[in-house]
Amino acid sequence: MSQVLLRLAARNLWRQRRRTLLTLSALAFGVLILLVMDSLFAGFDDLGSRNLIDFETGHLQIRHQDYGDDGTSLSMDHAFRDAYLDSVRSTAGVSAAVSRLTVFGQLHTGREEYYIQTVGVDPAADPQVFPLPEFNAGDWLTPGEFQMVMGGRAAELLDLSVGDYATVVMRTVTGAFQALDFQIVGLLHTPHPKVNRMTAYVPLDVLQSGLLAEGMVTEITVRSDNRDLQGLQTQLAALAADRGELEVSTWQQTAAAFLAIGESKAAVNGIFLMLIMLIALVGVVNTVLLGALERTREIGMLKAMGMREREVVGEFLYESFIIGAIGSLLGCALAVLFNAYFVQSGIDFGVLVGDMDIGYPISGVVFGVWNWPLVLVVFAVGTVVSTLAGVLPAVRAARRDPIWALRQ
Amino acid sequence: MPVLELKDVAKEYRQGRVRVQALRGINFRVDQGEFLSIAGPSGSGKTTLLNLVGCLDVPTEGSIRLEGRELSQQTKTQLAETRREKLGFIFQSYNLIPVLTAFENVAFPLELMRHLSRREIRERVEQIMEEVDLVEHMHRRPSELSGGQQQRTAIARALVKEPAMVLADEPTANLDSDNGGAILSLMWQLNQEKGTTFLFSTHDPMVMEYACRLVTLRDGQITEDERRNGHVPGSA
């Protein structure tokens, strides 16, 4: 019997193929958008997290507890004596560790002034924690030299190139202003817009000596292959216990604001899922209602021939099931095709927003991410909701009095 | 035992605040193999009577028995069951399922009955299609058939499950006289060969000529119940 009903349902849908196709397409489009959005959001998250770890935070950081509260200040109030680096490096689970001295200053080119984050780094050790990115031009720093490697976008804005000189005005550890001249030796191109736009790297020893801050740093950053970052965090906190104002943070804690944006993805997915359900509901209810209306006499005849009400309901539910299943399947198939491209080739986000700060630490190519469980969930939700959407109009149609229906 | 027996049947409708007495005091019985026509002018109660006998409606008063089983107290599901198992319907406007072929339309009541194998269904459908001379056209959709062919398909559909009785509501009303005559001849022939009981409503004098029994209704009451020698017009 179910075979007969299924055949009848399929042919009735085919009879109204334009309407069926429209409902199917709307559902498939909703599914496609949801899955592609999810993939790209996950890609944003992935790239953003990687950028944060590779260019800003490493996996763990030891810093003054108030560092970052006034992160744009020129002062070095939160610098501390670098007495822990060797112990940190020898801690189990630490792959590499480096000290950095980060200060903010005004960069002068003679023609322009530019607010820039100047990071003193150990040229030899730093790439072990922060992998060297692609260079637009030039090369990396040499210890002891007044050299600067800066973000390519900042250089472009200031019309600077390799070999040019730039003066950075900062405050020394005593609070006095100090101007240091650096020769630009390299221009970076990174997938992190903040580095491209407002970061300059100089040798740590030169910066410490220039700011009268010998042996002082603002952070010790750790790279770790250990998955248990909280465990390592506890171990490192014990090392700095004699300096109560220092704290150890995981990258997730440092990047809490960014991760909160990522978490809103779930809400966005929820909204899209609701949208799909709405499309399914409206589309299927409309299709089944119109089908029932057009086939009133046919329903009367079927009932006259002895078809039970639940069998009439079954026939309409098969119709809504077919629409839901094919629409969801089509949407999933299209999403898989699109996503295969996004996973393989990515989408150049830089073309869309350039180096604009949109709250995500990313620029350049974002790659899609496979989320097969979501594909299954969306297929199931699309199919089930569509089928259920047909229940009410189907029951209404099936309850019609056959005598009345036959007269139509 | 009669196939159908009606005792003191009455049917009353409400149209807004007005009560309409569609049938009253209907008493008659139909025996196996009868070819019975219910005649009467429009509004006389023919269709109401056919609806009651066809288990599409229940009487306000009285008793209707089909093969000895009382219908007036049956639930909606039981009535559907009775229609499925015991009755065949032929409608004025054929009412074939447009998305199914003639073959599938005829097979449909058998598939509803569930207890037949696919092979049995195919054999029975092929046989009845041969009897109504539609073998050549049986894989066409209704839209590809003429009115006469569609009504022959409807007759095959009504007969294929070998029902206790076939009910036909103005079966020739939508056909020209040639096709109408051919359909009646076919029904007559099937009645004679298979002994299937036919009960049809009409107000067409040509149709009445075929009937072995003519029950005439007027204002919801039987005014005449005439047994006669039904025949194919023009034959001896």
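In this predicted model, 18 residues of chain B are in contact with 17 residues of chain A. On the chain B side of this contact, α2 (76–86) and α3 (102–113) each supply at least two residues, and α2(B) gives the most, with five residues. Sorted by class, the side of chain B that touches chain A consists of eight nonpolar, six charged and four polar residues.

**Chain A: domains and confidence**

- Chain A is divided into two parts, of which domain 1 is made up of residues 2–52 together with 258–407, while domain 2 covers residues 66–244.
- Between the C-alpha centres of domain 1 of chain A and domain 2 of chain A there is a separation of 50 Å.
- The pLDDT of chain A averages 87, and 94% of the residues score at least 70.
- Within chain A, confidence is highest in strand β9 (residues 199–203), at a mean of 95, and lowest in helix α13 (residues 349–353), where the mean is 66.

**A:Val185 and its surroundings**

- A:Val185 is found in strand β8 of chain A, which runs over residues 177–189.
- A:Val185 counts as buried because it has 21 C-beta neighbours inside 10 Å, where the cut-off for a buried residue is 20 or more.
- When neighbours within four places in sequence are left aside, A:Val185 is in contact with A:Gly138, A:Asp139 and A:Leu141, with A:Gln147, A:Met148 and A:Val149, and also with A:Val162.
- A:Leu212 lies 27 residues from A:Val185 along the chain, and the C-alpha atoms of these two residues are separated by 24 Å.

**Chain B: overall form**

- Chain B contains seven helices and ten strands, and its C-alpha atoms fill a box of roughly 50 × 45 × 40 Å when taken along the principal axes.
- The radius of gyration of chain B is 18 Å, which agrees with the value near 18 Å that a compact globule of 236 residues would have.
- Of the 236 residues in chain B, 46% are buried.
- Among the contacts in chain B with a separation of 6 or more, 70% are accounted for by residues 24 or more positions apart.

**Helix α5 of chain B**

- Helix α5 of chain B (residues 147–159) has 13 residues and reaches 18 Å from its first C-alpha to its last, which is close to the 18 Å expected at 1.5 Å a residue.

- B:Leu186 counts as partly exposed because it has 19 C-beta neighbours inside 10 Å, whereas a buried residue needs 20 or more.
- From B:Leu186 to B:Leu167 the C-alpha to C-alpha distance is 15 Å, with the two residues 19 apart in sequence.

Conventions: Residues are numbered from 1 along each chain as its sequence is written. Chains are lettered from A and ligands numbered from 1 in the order in which they are written. This is a predicted model: local features need pLDDT of at least 70, side-chain atom pairs count only at pLDDT 80 or more; totals for chains, interfaces and linings use all residues. Two residues are in contact if their C-beta atoms, placed from the backbone, lie within 7 Å. Helices (H or I, at least four residues) and strands (E, at least two) are DSSP runs, numbered from the N terminus. Ala, Val, Leu, Ile, Met, Phe, Trp, Tyr, Cys and Pro count as nonpolar, Asp, Glu, Lys and Arg as charged, and the others, Gly among them, as polar. Domain bounds come from an automatic or database domain assignment. A residue is buried if 20 or more other C-beta atoms lie within 10 Å of its own, exposed if 12 or fewer, and partly exposed in between; C-beta atoms are placed from the backbone. The expected span of a helix is 1.5 Å times one less than its number of residues. pLDDT is the predictor's confidence in each residue, from 0 to 100. The radius of gyration is taken over C-alpha atoms; the globule rule is 2.2 Å times the number of residues to the power 0.38.
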